[in-house]
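Visitor: Hi, I'm new to this one. Could you walk me through it?

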Amino acid sequence: MKLVLFQFAADADPVPGILTERGVFNARPALRPAATPQETMQVIIQHFDRLRPAFEHLINYAEPRPLDAVKLLPPLPRPGKILCCIGNYWEHEQREPRPLNMFLKNPDAVIGPGDTIMLPELTEPWIFMHEAELALVIKGPAKNVGREDWKKHVFGYTGLIDVSARGEGRRTWKAGSWLGKSFDTFAPIGPCIVTADEVPDPNDVIVRFWNDGQLRHNYNTDDMEHRVPELVEFASSIMTLNSGDLIACGTNHEGLGARQDGESVEIEVQHVGKMQLKVADPLKRSWEKGVYMGVDSTNPEAVKRHRPQG
């Protein structure tokens, strides 16, 4: 099942919904909304097994709204925690796996389908890049979860763009702090949460990203250095994970490129769906639109170009 938050009109209150090929069903008749849209989605995650029959009844008997007649919102508008893996993809490099590591991304950076990524009016970061990722939606509380029990605490999946301000090369701006990942609007999430039963294996999911229609990211999550069960085990060994928290699984950096004013970008995660966003820059900066090809790039052509000469 695909779960969303949506609006009937631009000034309307957010409503929980069920996304289908026929349109969007209003799920509000099946539950009591909580104080905030985020809390409403957390209630759905926490009590989904009880709510599912009522949701299925709505799908069978209610009238859906056409998708183009509603505004989809981020399905988790303010997660308590957004944990993001650092790297976590082999990227065709033969080496020992890097140690698993994560950073926290600002929950207030979340935006959703159709929204605008706003590049900050700071001149110190020299470039802003995309990282398209699969994200795990947690069902909590989850603490010290063994990797064999990971399925009990992954409610579902969504797509996330880890927009990143870069300093030198692929180094994140303000090296060591990861603040370059947490500007407002730098965590697009969506277009929905797909429940875990609809994804046979999260380590066999295709992730794609387009910039103005040009395909940039195109990879399979089977390339992860540290796979999903280990991510849940690692994160929950450090902190308690609650319902509605997110773990972004990292990205394959091949195809990394700049975001700049006036662009349209799209992320598509297999089983989850596709969403489009815009990019705006008050300073109207521009960079080469080509894929990053610096000395630490793993793009095959860059590897060939920078290979040490014998």
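Guide: Here is a short chat about strands, a helix, cores and rings. This is a predicted model, where local features need pLDDT of at least 70, side-chain atom pairs count only at pLDDT 80 or more, and totals for chains, interfaces and linings use all residues. Residues are numbered from 1 along each chain as its sequence is written, and side-chain values use heavy atoms, with hydrogens and water left out.

Visitor: OK, strand 1 then. How many of its residues are buried?

Guide: Five of the six residues in strand 1 are buried. Buried means under 20% relative accessible area, exposed means over 50%, and partly exposed is in between (1.4 Å probe, protein chains only). Strands (E, at least two residues) and helices (H or I, at least four) are DSSP runs, numbered from the N terminus.

Visitor: And which way does strand 2 run against strand 1, parallel or antiparallel?

Guide: Strand 1 and strand 2 run antiparallel, joined by five bridges. Two strands pair if DSSP finds at least two bridges between them. In strand 2, valine 15 is the bridge partner of phenylalanine 6. Strand 1 is also antiparallel to strand 4 (residues 71-73), with three bridges, and there leucine 5 has leucine 73 as its bridge partner. Strand 13 is joined to strand 1 by two bridges, again antiparallel, with isoleucine 193 as the bridge partner of leucine 3.

Visitor: What about strand 18, which sense does it take with strand 8?

Guide: Strand 8 (residues 116-118) and strand 18 (residues 273-280) pair in the parallel sense over three bridges. Threonine 116 stands opposite lysine 278 of strand 18. Strand 17 (residues 264-269) runs antiparallel to strand 18, with six bridges, and valine 265 stands opposite leucine 277. The hairpin of strands 17 and 18 has three residues between the strands, and histidine 271 takes a positive phi near 80° in that hairpin.

Visitor: Switching to helices. Which residues of helix 1 are buried?

Guide: In helix 1 (residues 37-46), they are Gln38, Thr40, Met41, Ile44 and Ile45. Looking down the axis, these buried residues fall within an arc of 160°, so they line one face of the helix. The arc is that of the directions from the helix axis to the C-beta atoms.

Visitor: What covers them?

Guide: The cover includes strand 1 (2-7), strand 2 (15-20), helix 2 (48-61), strand 10 (132-138), strand 11 (154-161) and strand 13 (187-195). Contact means heavy atoms within 4.5 Å.

Visitor: How many residues are in the largest nonpolar core?

Guide: It has 58, and the members that touch the most others are Ile117, Leu136, Tyr157, Phe186, Leu231 and Ile247. A nonpolar core is a set of buried Ala, Val, Leu, Ile, Met, Phe, Trp, Tyr and Cys residues joined through side-chain atoms within 4.5 Å. Leaving aside neighbours within four places in sequence, leucine 136 is in contact with residues including Val154, Tyr157, Val232 and Ile247. A second, separate core has 32 residues, among them Leu5, Ile18, Met41 and Val110.

Visitor: Now rings. How many aromatic pairs are there?

Guide: There are nine. Rings of Phe, Tyr and Trp (its six-membered ring) pair if their centres lie within 6.5 Å; planes under 30 degrees apart count as stacked, over 60 as edge-to-face and the rest as tilted. Phenylalanine 6 and phenylalanine 8 make an edge-to-face pair, 5.1 Å centre to centre with 85° between the planes.

Visitor: Is phenylalanine 6 buried or exposed?

Guide: Phenylalanine 6 is buried, at 0% relative accessible area, while phenylalanine 8 is partly exposed at 28%.

Visitor: Which rings form a cluster?

Guide: Phe128, Trp173, Phe183, Phe186 and Trp287 are linked into a cluster by ring pairs. Within that group, phenylalanine 183 is buried at 15% relative accessibility, and phenylalanine 186 is buried at 0%.

Visitor: Last one: what lies over the face of tryptophan 210?

Guide: Lysine 274 does, at 4.3 Å from the ring centre. A charge sits over a ring if NZ of Lys or CZ of Arg is within 6 Å of the ring centre and within 35 degrees of the ring normal.
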